[in-house]
Amino acid sequence: QRVAFALSEILVVSDKDTLGSEQLALANYYDLLASEAFGNYRTLLERVTLSPVMGEYLSMKGNEKAQPAKNIRPDENYARELMQLFSIGLVELNPDGTVKTGADGLGVPTYDQSIIEGYAQAYTGWTFANADRFRWPKTMDWFSPMKPWADYHEPGAKTLLGGTVLPAGQTAEQDLQQALDSIFKHPNVGPFISKQLIQRLVTSNPSPAYVGRVAAVFANNGQWARGDLAAVVKALLLDDEARNGHMAAPQTFGKVKE
């Protein structure tokens, strides 16, 4: 439950102005986080992405391919927030979570507008599992993963992170899987998520060395598995800085309790 609560502050949803009276849907989303608290982060990203609660909150549900004649284009909201908040952040990171800088001394951006558009296209075509129609359905299943409607999925090629190009003509399922894979393998994910988990479970001001040790476990749990949250949580709680940081830096160690 501690880890689920931490994840709920990273993979954020809300009922404000969106879910109305669907409190059980929010509870179900929280149960999703609890069930994956010690699972793999790639699996968690996929389950969150296909959650109708997240789909409603960040408008991936009902996201459809471009129709220029109707002034419709793929919604970029979830494409942007998945990268900015849930996985890699705005700037390139070193393995210890410190920012990589360019010749101008500023952080190197992780993506640009064209990449956002590529992911927005990849995430088109999904709605409620039991929907009677794609747009504004009357039947709304808030508990099952969303399902794709092929006619609303963008068929063209899509350019993603790291020069990855999804070929034209793929299904919504293929594009989604490959898009999430391209994000999950980005080197920022380990330090970006590890630092946030440390901040929520141990201390608000972890040293780069602490972040680096935990991020290394995110990259490899000792059995060449990436994204093992059980191993990550164990590493961050048993780290020497977690055990003894209050003695080494009594003025700055710790965090405000919720």
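## Exercises on a predicted model

Leaving aside neighbours within four places in sequence, Tyr123 is in contact with Met60, Asn63, Tyr78, Ala79, Leu82, Leu176, Ala179, Leu180 and Ile183. Keep in mind that this is a predicted model. Let's work through a few tasks.

**Exercise 1. Find out how many residues the largest nonpolar core has, and which of them have the most contacts inside it.**

Step 1: Start with the count. The largest nonpolar core holds 65 residues.

Step 2: Pick out the residues with the most contacts inside this core: Leu11, Tyr41, Tyr119 and Tyr123.

Step 3: Now look for the main contributor. Helix 7 (residues 172-184) gives the most to this core, with six residues.

**Exercise 2. Describe how helix 9 and helix 10 pack: what are the angle and the axis distance?**

Step 1: Know what to look for. A pair of packed helices is described by the angle between the axes and how far apart those axes are.

Step 2: Read off the values. Helix 9 (residues 208-219) packs against helix 10 (residues 229-238) at an angle of about 155 degrees, and their axes are 8 Å apart.

Step 3: Classify the angle. Angles over 145 degrees count as roughly antiparallel, so helix 9 is roughly antiparallel to helix 10.

Step 4: List who meets whom. From helix 9 come Tyr210, Val214, Val217 and Phe218, and they meet Ala231, Val232, Ala235 and Leu236 of helix 10. Sorted by type, the contact residues come out as eight nonpolar, no polar and no charged.

**Exercise 3. Decide on Leu32: buried or exposed?**

Step 1: Leu32 sits in helix 2 (residues 23-35).

Step 2: Apply the cut-off. Buried means under 20% relative accessible area, and Leu32 has 10% relative accessibility, so Leu32 counts as buried.

Step 3: Beyond four places in sequence, Leu32 touches Leu44, Arg47, Val48 and Ser51.

Step 4: Arg133 is 101 residues from Leu32 in sequence, and their C-alpha atoms are 26 Å apart.

Notes. Residues are numbered from 1 along each chain as its sequence is written. This is a predicted model: local features need pLDDT of at least 70, side-chain atom pairs count only at pLDDT 80 or more; totals for chains, interfaces and linings use all residues. Side-chain values use heavy atoms; hydrogens and water are left out. Helices (H or I, at least four residues) and strands (E, at least two) are DSSP runs, numbered from the N terminus. Buried means under 20% relative accessible area, exposed over 50%, partly exposed in between (1.4 Å probe, protein chains only). Contact means heavy atoms within 4.5 Å. Axes are lines fitted to C-alpha atoms, for helices over the stretch in contact, and angles run from 0 to 180 degrees between N-to-C directions. Angles under 35 degrees count as roughly parallel, over 145 as roughly antiparallel, 65 to 115 as roughly perpendicular and the rest as oblique. Ala, Val, Leu, Ile, Met, Phe, Trp, Tyr, Cys and Pro count as nonpolar, Asp, Glu, Lys and Arg as charged, and the others, Gly among them, as polar. A nonpolar core is a set of buried Ala, Val, Leu, Ile, Met, Phe, Trp, Tyr and Cys residues joined through side-chain atoms within 4.5 Å.
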